[in-house]
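Please look over the model below. This report covers salt bridges, then a pocket.

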Amino acid sequence: MTDSALPAEDRPRLHGEYKVPGGKLVVVDLDVADGLLTDVSLSGDFFLEPDEALLDINRALTGLPETTTAAELSAAVTASLPPGAVLFGFSADAVAVTVRRALAKATSWSDHHWNVIAPTVLPTRVNVALDEVLTEEVGAGRRNPTLRFWDWEEPSVVIGSFQSVRNELDPDGVARHGITVVRRISGGGAMFMEAGNCITYSLYLPQTLVDGISFADSYAFLDAWVMAALEKIGVTAFYVPLNDIATDQGKIGGAAQKRLANGGMLHHVTMSYDIDADKMVEVLRIGKEKLSDKGTRSAKKRVDPLRRQTGLARTEIIAAMIEVFTERYAATPSELTDAELSAARERVATKFGTAEWLNRVP
């Protein structure tokens with residue numbers, strides 16, 4: 001007999017947990033009767049003042065439909081709090097995520113079987129096309145959620161989905177240095193990529209993993225493992241909203257995301273290992289406005305944070321990242337299939353390698 005066929009009083013209570021990035025553990029236990037939340041009990045190692053606010057939150061959640069969205073759950077929690085209430089180590093949004101997990105509307109890392117694809121040298125256009133193909137495959141349930149590390153040989157610039165080719169690139173520098181220019185499906189800024197000068201990875205996941213987590217918070221949430229990997233090799237890194245990864249010595253990388261209609265999601269990151277900044281500024285139009293935002297008067301310097309701060313080879317850093325991800329999420333090795341590579345090459349021919357796509361924002 002399945003749990004759903006048991007009388008309500010004999011069914012196991014629904015249980016959800018959510019560890020707030022940089023915060024505390026939030027736990028909720030509840031029942032569902034006639035489609036409504038009942039007997040909701042919130043707990044955790046967070047701090048909450050006044051004490052009575054815990055009962056207020058439980059009462060606010062009790063009676064809500066099990067179909068209530070994360071945003072509606074968060075709003076209900078917020079509305080229940082007395083004036084001056086203090087939530088430390090968690091938030092109304094965190095409670096909403098936990099409830100959604102208890103209801104199996106949201107998932108956690110441990111709910112999925114994760115794969116890791118080690119670096120494979122591929123043309124940059126194929127790497128970009130694979131991001132779209134593999135995100136679709138995960139969204140459709142044909143591939144496990146996957147972490148894939150890029151590798152490439154030709155010097156390239158990968159521009160964000162909404163960037164202007166004219167504004168971002170110096171055509172003389174592109175021609176002089178033989179740069180391959182590709183537009184990706186995610187937003188964000190341009191990536192200057194020569195072989196071996198940066199570390200790029202893509203994470204393909206179901207959107208249920210970030211259900212209830214704000215767009216901004218999802219960046220740090222999805223990269224908690226890489227922060228642990230960097231810490232392991234002696235680099236203390238942190239997120240600078242929205243999508244920059246930094247240390248106390250400055251920015252070391254940036255992230256970008258794309259969510260597809262079929263439920264798949266792409267989250268990818270490029271980190272500087274040892275970039276020729278003189279060449280970069282000949283290829284990219286790095287304006288004074290962007291440099292002033294980063295507190296930099298000139299971009300013409302060696303951008304080598306990971307090489308300099310770790311003293312490790314690029315391959316050693318990638319190996320450490322794979323090791324931490326594998327241990328943390330019980331991930332197993334995987335490879336690109338012939339069908340996925342074929343689909344990516346077809347996508348290059350019809351989209352990513354075309355002038356129409358590259359110049360969709362002239």
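This is a predicted model: local features need pLDDT of at least 70, side-chain atom pairs count only at pLDDT 80 or more; totals for chains, interfaces and linings use all residues.

Residues are numbered from 1 along each chain as its sequence is written, and side-chain values use heavy atoms, without hydrogens and water.

**Salt bridges**

The structure holds 18 salt bridges. The term means a side-chain nitrogen of Lys or Arg within 4 Å of a carboxyl oxygen of Asp or Glu.

| Pair | N to O distance |
|---|---|
| Asp56 and Arg59 | 2.7 Å |
| Arg176 and Glu282 | 3.4 Å |
| Asp244 and Lys251 | 3.2 Å |

Arg176 sits in helix α6 (residues 171–176) and Glu282 in helix α9 (residues 277–283), so their pair ties together parts 106 residues apart in sequence. Helices are DSSP runs of H or I with at least four residues, and strands are runs of E with at least two, numbered from the N terminus. Asp56 and Arg59 share helix α1 (residues 53–61), three residues apart.

Burial is set by relative accessible area: buried is under 20%, exposed over 50%, partly exposed in between (1.4 Å probe, protein chains only). Asp244 is buried at 19%. Lys251 is partly exposed at 42%.

**Second largest pocket**

A pocket is an open set of points on a 1 Å grid where a 1.4 Å probe fits, with protein on both sides within 12 Å along at least five of seven lines; lining residues have an atom within 4 Å of a point. The second largest pocket has about 300 Å³ of space. Its lining has 15 residues, with Tyr18, Lys19, Arg101, Trp109 and Phe221 nearest the centre. Strand β1 gives the largest share, three residues.

Key
Grid points are joined across faces, edges and corners, and a volume is the space filled by probe spheres set on the points.
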